[in-house]
Amino acid sequence: MSKTKTQFVCSNCGYISPTYLGRCPNCGEWNTFTEETVTKDSGTNAKSTRVSLTGGRVEPQLINEVDAQDAPRYQIQSAELNRVLGGGIVPGSLVLIGGDPGIGKSTLLLQVSGQLATLGKRVLYVTGEESADQVKMRADRLQIAANDRLYVFPETDMTAVRDAIANLKPDVVIVDSVQTMQEGDVDSAIGSVSQVRGVTTDLMNIAKTNNITVFIVGHVTKGGAIAGPKTLEHMVDTVLYFEGDKHHSYRLLRAVKNRFGSTNELGIFEMADGGLQEVQNPSEIFLEERLKNATGSAIVVAMEGTRPILVELQALITPSVFGNAQRTATGVDRNRISLIMAVLEKRAGLMLQNQDAYVKAAGGVKLNEPAIDLAMAVSIASSYENISTNPRECYVGELGLTGEVRRVDRMEQRIREAAKLGFDRIVVPQHSLEGLDVPDGIEVIGVTTLEEALKLAIPK
């Protein structure tokens, strides 16, 4: 016997309500509830227990009896992807990749499939959006060598996908995309909240009970978030975001969640005719077009995960035409600009309340760590005073509301990256100098206040 009922599900967070609501009480979004029909069996649901492809069930174990040996990671040729994943692909992990249409998600995963196949791993590429001919055409364009371990399966039915996995017993499964897959037991439209949650749960069970690595592609909304319920990101082991402007060649692959490595890791690729190519030294890219005597420019050594990157922060300060001054940001937080300008006005004596401010992180990268405060303040002061900064100097430090320059972490890595790129001097917080091993060829100057830093950076 089966029971049928109607429920309303929030497409943003997955909240379930028996009646329609204009505003979701869980996430606060308006007009996000969609009606779904759910059929429940009165008997025992077999899918409530994890079952492997061989029929074995997971049983309770004493924690002392669990084998905690680290599984060897798959080291593929892409060093950038290895870095973002925390050192390689973990067997049995579930990885979600999201990004704008045309950004390169399918290209990246097809290249990864070819690299895994050359390592002797059996790969099943499940495509719900393209035919096998289309995937083959892309593989030829990417010059992926013919291999008897890479299988393409154009299918959207999860029952057929499970059967194919049981027959082939692959090491890696790639699903492109999760919004096109359909779970037969869920009575709702393809791409709905229930379907996405059911498909992801099924793929998670396959990955964990059979030690199969599963990559799934997720569509994104207009706001840039992965479409579907937010619980989708909680269910997977790793969440990767593919960022970048499709009108430019550089792509940023960022890890925002990783159970097997550092979060906020960043991998940088360049889209070429032959697919995505790794960028070995991203700092040179962000600095290659910098003008030597330009005002409103300052270099910061930012940390993206475990990688130090030198980025140029640019500021343009102009008198405000209207009553309220504008604050415009690209790549940095707009609220942080207002905070730093308030500190500059109160602690450094710069009259900025009637000035429009336009601040940008050059190269399309997004910076959100506190260590960029000092460089942002220097760039704003440089544009306001119309005095250029030293092009061979960079700045690292967090600003407090009282005008102090506060310490930041991983200072030694930042200094070594600046020295490697030929910078002569770096201004850092005084309290971060304790126990530093300073490399040759670079002068490290410690400051305690914003006023000291501005005297060094912008001599009048």
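How much space lies in the largest pocket? The legends below take up this question first, and they all refer to a predicted model.

**Figure 1. The largest pocket and its lining.** In this predicted model, the largest pocket holds about 810 Å³ of space. Its lining is made up of 32 residues, and those closest to the centre of the pocket are His-248, Ala-362, Gly-363, Gly-364 and Val-365. At least two lining residues come from each of strand S9 (238-243), strand S10 (250-258), helix H7 (282-287), strand S14 (307-319) and strand S16 (355-361). By class, the lining of this pocket consists of 13 nonpolar, ten polar and nine charged residues.

**Figure 2. The largest cavity.** Rolling a probe the size of a water molecule over the atoms shows where empty space is left. When the whole structure is searched, one cavity of 30 Å³ or more is found, and the volume of the largest cavity is about 40 Å³. The residues that line the largest cavity are Leu-85, Gly-88, Ile-89, Val-90, Ser-93, Val-95, Thr-213, Phe-215, Thr-238, Asn-258 and Phe-260. Six residues of this lining are nonpolar and five are polar, while no charged residues take part.

**Figure 3. The largest nonpolar core, with a view of Leu-313.** In soluble globular proteins, nonpolar side chains tend to be buried together. The largest nonpolar core has 45 residues, of which Leu-313, Val-332, Leu-344, Leu-367, Leu-374, Met-376 and Ile-380 touch the most other members. Among the elements that each supply at least two residues of this core are strand S11 (266-272), strand S13 (297-304), helix H8 (334-347), helix H9 (373-385) and helix H11 (450-457), and H9 gives the most, with seven residues. When residues up to four places away in sequence are not counted, the residues that Leu-313 touches include Val-300, Val-332, Leu-367, Ile-372 and Met-376, as well as Lys-360 and Ser-379. A second, separate core has 30 residues, including Ile-103, Val-112, Val-123 and Leu-240.

**Figure 4. The buried side of helix H4.** In helix H4 (residues 158-168), the buried residues are Met-158, Val-161, Ala-164 and Ile-165. These residues lie on the same side of H4 because they cover an arc of only 115 degrees around the axis. An α-helix has 3.6 residues a turn, so residues three or four places apart point the same way. The elements that cover the buried residues of H4 include strand S5 (123-127), strand S6 (150-154), strand S7 (172-176) and helix H5 (193-210). After H4 comes Lys-169, which has a positive phi, near 50 degrees.

Technical notes: Residues numbered from 1 in each chain as written. Predicted model: local features only at pLDDT ≥ 70, side-chain atom pairs only at ≥ 80, totals over all residues. Heavy atoms only, no water. 1 Å grid on protein atoms, 1.4 Å probe; cavity = no way out; pocket = protein on both sides within 12 Å on 5 of 7 lines; lining within 4 Å. Points joined across faces, edges and corners; volume = space filled by probe spheres on them. Nonpolar A, V, L, I, M, F, W, Y, C, P; charged D, E, K, R; others polar. Helix = DSSP H or I, 4+ residues; strand = E, 2+ residues; numbered from the N terminus. Core = buried A, V, L, I, M, F, W, Y, C linked by side-chain atoms within 4.5 Å. Buried < 20%, exposed > 50% of the residue type's maximum accessible area, 1.4 Å probe, protein only. Contact = heavy atoms within 4.5 Å. Arc of directions from axis to C-beta.
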